[in-house]
Amino acid sequence: MRETQSPLVSRVRERRAELSLSQAELARRAGLTRQAVSAIENGGYVPSAVTALQLARALDSSVEDLFALPDDRSLHAQVQLSHVGLQD
């Protein structure tokens, strides 16, 4: 069986952990179900623009900070490293 790659790289789980939120609490704040949050975090569901905006608002982030295209993964990682002072 062939695995398919998600069309998005999601940082929702990482950002949620940074804020010490449970999936249920994030779901409540974003107006989603806990199952939807889980599916987005696991790459099983690609959120609509509205859902991505709701998550960004609930996580006090931008959509760009939470989601990237797979091709942007290395660039996204570099941006994250620069935010914590690990890269020039």
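## Salt bridges in the model

A salt bridge is counted where a side-chain nitrogen of Lys or Arg lies within 4 Å of a carboxyl oxygen of Asp or Glu. R11, R15 and E18 are linked in a network of such bridges, and the structure holds six salt bridges. Side chains of opposite charge can pair when their charged atoms come close.

The model is predicted, so local features need pLDDT of at least 70 and side-chain atom pairs count only at pLDDT 80 or more, while totals for chains, interfaces and linings use all residues. Residues are numbered from 1 along each chain as its sequence is written, and side-chain values use heavy atoms, with hydrogens and water left out.

## Bridges to E41

R13 forms a salt bridge with E41, with 3.6 Å between the closest N and O atoms. Because R13 lies in helix α1 (residues 12-18) and E41 in helix α3 (residues 34-41), this pair ties together parts that are 28 residues apart in sequence; helices here are DSSP runs of H or I with at least four residues, numbered from the N terminus.

R16 also forms a salt bridge with E41, the closest N and O atoms being 2.6 Å apart, and this pair links helix α1 to helix α3 across 25 residues of sequence. E41 is buried at 7% relative accessibility, as is R16 at 13%, whereas R13 is partly exposed at 37% (buried means under 20% relative accessible area, exposed over 50%, partly exposed in between, with a 1.4 Å probe and protein chains only).

E25 forms a salt bridge with R29, their closest N and O atoms being 2.9 Å apart. Both residues lie in helix α2 (residues 23-30), four residues apart, or about one turn of the helix. E25 is partly exposed, with a relative accessible area of 23%, and R29 is partly exposed at 45%.

Notes: Helices (H or I, at least four residues) and strands (E, at least two) are DSSP runs, numbered from the N terminus.
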